[in-house]
Amino acid sequence: MAEKMQLNEVEVWDGNYAAAQALRQAQVDVVAAYPITPSTPIVETYGAFVANGYIDGEYVMVESEHGAMSTCVGAAAAGGRVATATSSQGYMLMVEVLYQASGMRLPIVLNVVNRALASPLNVRGDHGDMYLGRDSGWVQLDAFNAQEAYDLNLCAFKIGEDINVRLPVMVHQDGFVTSHTAQNIHPLSDDEAYAFVGDYKPVEEMLDFSKPVTYGAQTEEDWHYEHKAKQHRALMDSYTVIDRVFDEFEKKTGRKYKRLETYMMEDAEVAILALGSTVETSILAAKQLREEEGIKAGVVAPRCIRPFPFEELRESLAGLKCVAALDRSCPMGAMGALYNETCGALATIPADQRPMVTNFIYGLGGRDFSVEEAKRIFREQKANADVGYITTPVQQFSGLRGPKLGFYEMKRS
Amino acid sequence: MALQSIKNLKEFSTANERFEGAHLLCPGCAHSMIVRELMNATDDNLVIASATGCLEVCTAVYPYTSWDTSWIHIGFENAASAASGAEAMYKARKRKGTLKDPDAPVKFVAFGGDGATYDIGFQWLSGAVERGHDFTYICLDNENYANTGGQRSSSTPIGAHTSTAQAGRVSYGKKQKKKDMVAIMAAHGAPYVAQLAPNKWKIMAKGFQKALETEGPCFINTVSACTTEWKFNPKDTIHITDLATDTLMFPIYEIINGTELNILYRPKNVIPVEEYLAAQGRYKHLFKPENRHVIDRIQKEINEKWEYLQRREEAKV
Ligand SMILES: Cc1ncc(C[n+]2csc(CCOP(=O)(O)OP(=O)(O)O)c2C)c(N)n1
Ligand code: SF4
């Protein structure tokens, strides 16, 4: 039996430590992992928990991230709780297996501590890696701070393992900004946390020999299409379970999560749409602008990247004048991912209620994103709103030294 | 007891059927013989991981499966990792008491072709063996990527024609020697490593049993004659395999704890390798006068390897 840990009502943890604590409290059976900055401390901390008897499961330090996720898949198919963590190049190396894990409907939890992708080599946080696994069939949650990294990990097990979901779940957090910055955390006690997550209930387990199972069979045009469509449906439908788990979590902790988080949006005229730690920066900027300049600024932030909160986004943005979609990754030859998703959602509402949307690329490779910059973006939206059309490039690289870059200059006749 | 007694072939081959027929492997494919010999060698519950390749694509085509046991396929390179993961989960759940039948004997096995084993999956296999998971990895060594149409692998012998190491007017086929995977696995310190062949079914079944009963990671390279890519008549699989073992192209031996080497089969009459080569279309071009040197080289290397194995056995190292 694993020894319990006495935690204070308030602890000072960073995002990585918070995630590791959640894995410990969920009493994961197998963690198979490979280190990469900035997610490394998650598996190191977990290893220390194992070494000190706080975890009873198997801790398998494998030869690569591809091996880590492959080992996780084998372990999950054998009928137990499984988790790991990675970043950047490691996440890239895992991508093949991410699809296999979701295709086999295995509720593995993966902590992705977001970081830039090489080349050039860069260990700092951006969302270059986030979008690699975008279509891999995982539920994907996004933590804006360390408390949320802890909370969402507990929720992740409960969501993924629900019999109506049975899908792997990722929890994203921003490299260094969230993963390495200590803050006050309100943890649950070990007993409370475990009671919330619940015992693992094996489904189609390879270790039940009364009922042999075949995992990962092959299909061609005869069945593949149906499998993929059903997998998509399962992911789309998982939102009801996500909502329910968030409700239960709120009842337990008072901390409320929604698949789309909105701040000051009731009367907003302009909005920033963002992910990760940038959300808090943008909220601060919006508050200041409202007080200092009377700009009705609001912030919209997908908590759930997959399934994408399409309808909620449409509803929260309809009627607004201008929206800035902030992407912390370089889309390379296109508009940013969040921009595209947003425009897709907005295209379904009547033109007269549709806000103008511009795209800001920012913070690549760990470049700081300031409250001042968020304010500038809000002001620019406000100016566009006042004249009624986009006077600025539809894509800008915010905070970039040197020449202004962007995808398009808007041409108005 | 988990081990099947191995009396006669009829009895052995009609033992419990956990690898069902009606799969899509080519008639005459040795993969199925090897898999059945493994399954018939034990009564223990099996958790099997298969790498992408002929065995996998031909035996689990949804909504059918030939596997009347726990079976998983993830990808081409990671069967060893899948087996490691399942084995780790078994240990965790046994300790925590969450297994449905905690006393049921279980064995973890991974199958990979030579492509999956010698090439793309090498890193994952090496990692799993280094970590010491209790599983047996069986390489179905048909010396080519059969499933993608017969490309060369690092197990393809020198002189063979493959779809990517072609023999032609100025080429005699593959230029490089076969990788010695058995030695590499022995060097990992795996407690049991062997090279076996399905024609020597008793030796093979006993080798499988030894591997399954040995705690820790075991590796077995099995000769798997491929009628399609080696180009021989499907009825000749065992004949071709006899030639493989009796020319000593595939010596049958085991290495225990990386050191103790035992030869498990000594042909009464060693056959010249020419006969083995002549029986397969993939070596046809070697019989042109200008390629004679390749046959001579193959024979020379066989003699040297056999000499080496015998000396190691004698010296008990
Ligand atoms: C990552 C990856 N690369 C390539 C392939 C294509 N592929 C599938 S099976 C195979 C060859 C299999 O050869 P081998 O392992 O020798 O098994 P055999 O089919 O000969 O039994 C290849 C190249 C794949 N499935 N995955
Ligand atoms: S191609 Fe070769 S290995 Fe593949 S099924 Fe046919 S005989 Fe067997």
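A salt bridge is defined here as a side-chain nitrogen of Lys or Arg within 4 Å of a carboxyl oxygen of Asp or Glu. By this rule the structure holds 52 salt bridges over all chains. This is a predicted model, in which local features need pLDDT of at least 70 and side-chain atom pairs count only at pLDDT 80 or more, while totals for chains, interfaces and linings use all residues. Residues are numbered from 1 along each chain as its sequence is written, chains are lettered from A and ligands numbered from 1 in the order in which they are written, and side-chain values use heavy atoms, with hydrogens and water left out.

**The interface of chains A and B**

The size of an interface is often given as the accessible area lost when the parts come together. Buried area is taken as the accessible area (1.4 Å probe) that two parts lose on being put together, summed over both. For chain B and chain A this area is about 3,400 Å², and carbon and sulfur atoms give 58% of that value. Tyr62(B), Met89(B) and Lys96(B) supply 19% of the area that chain B buries against chain A, more than any other three residues. With contact meaning heavy atoms within 4.5 Å, 43 residues of chain B touch 46 residues of chain A.

Polar contacts are pairs of N or O atoms within 3.5 Å; within protein, one atom must be able to donate a hydrogen and the other to accept it, and residues adjacent in sequence count only if both atoms are side-chain atoms. Across the interface the rule finds 23 residue pairs in polar contact, with both residues at pLDDT 80 or more. Helices (H or I, at least four residues) and strands (E, at least two) are DSSP runs numbered from the N terminus. The elements that give two or more residues to the side of chain B that touches chain A are β1 (45-50), α3 (54-59), β2 (70-73), α4 (79-96), β3 (106-113) and α6 (122-131) of chain B. Of these, α4(B) gives the most, with 13 residues. By class, this side of chain B has 21 nonpolar, 13 polar and nine charged residues, where Ala, Val, Leu, Ile, Met, Phe, Trp, Tyr, Cys and Pro count as nonpolar, Asp, Glu, Lys and Arg as charged, and the others, Gly among them, as polar.

Side chains of opposite charge can pair when their charged atoms come close. Eight salt bridges are counted between chain B and chain A. Two salt bridges with partners in both chains are tabulated below.

| Residue in chain A | Residue in chain B | Closest N and O atoms |
|---|---|---|
| Glu63(A) | Arg131(B) | 3.2 Å |
| Asp56(A) | Arg95(B) | 3.6 Å |

The Asp56(A) to Arg95(B) pair runs from the loop between α2 and β3 (58-61) of chain A to helix α4 of chain B.

Strands also pair between the chains, pairing being assigned if DSSP finds at least two bridges between two strands. Strand β9 (residues 214-215) of chain A is joined to β2(B) by two bridges, and the strands run parallel. Within this pairing, Thr214(A) stands opposite Trp71(B).

**The ligand sites**

A residue is near a ligand if one of its heavy atoms lies within 4 Å of it. Ligand 1 is surrounded by 18 residues, the closest being His31(B), Cys54(B), Gly115(B), Ala116(B) and Asn144(B). Because residues from chains A and B surround ligand 1, the site is shared between chains. An oxygen atom of ligand 1 is 2.9 Å from a polar backbone atom of Cys54(B). The value is also 2.9 Å from a ligand 1 oxygen to a polar backbone atom of Ala116(B), and 2.9 Å from a ligand 1 oxygen to an N or O atom in the side chain of Asn142(B).

The shell of ligand 2 includes Cys54(B), His31(B) and Asn142(B), together with Cys26(B), Cys29(B) and Cys226(B). Its residues divide into six nonpolar, four polar and no charged.

**Backbone features**

Most residues other than glycine have a negative phi, and most peptide bonds are trans. The bond from Thr37(A) to Pro38(A) is cis, with omega near 0°, and Pro38(A) is found in the loop between β2 (30-33) and α2 (40-51) of chain A. The bond from Tyr62(B) to Pro63(B) is cis, with omega near 10°; Pro63(B) is in the loop between α3 and β2 of chain B.
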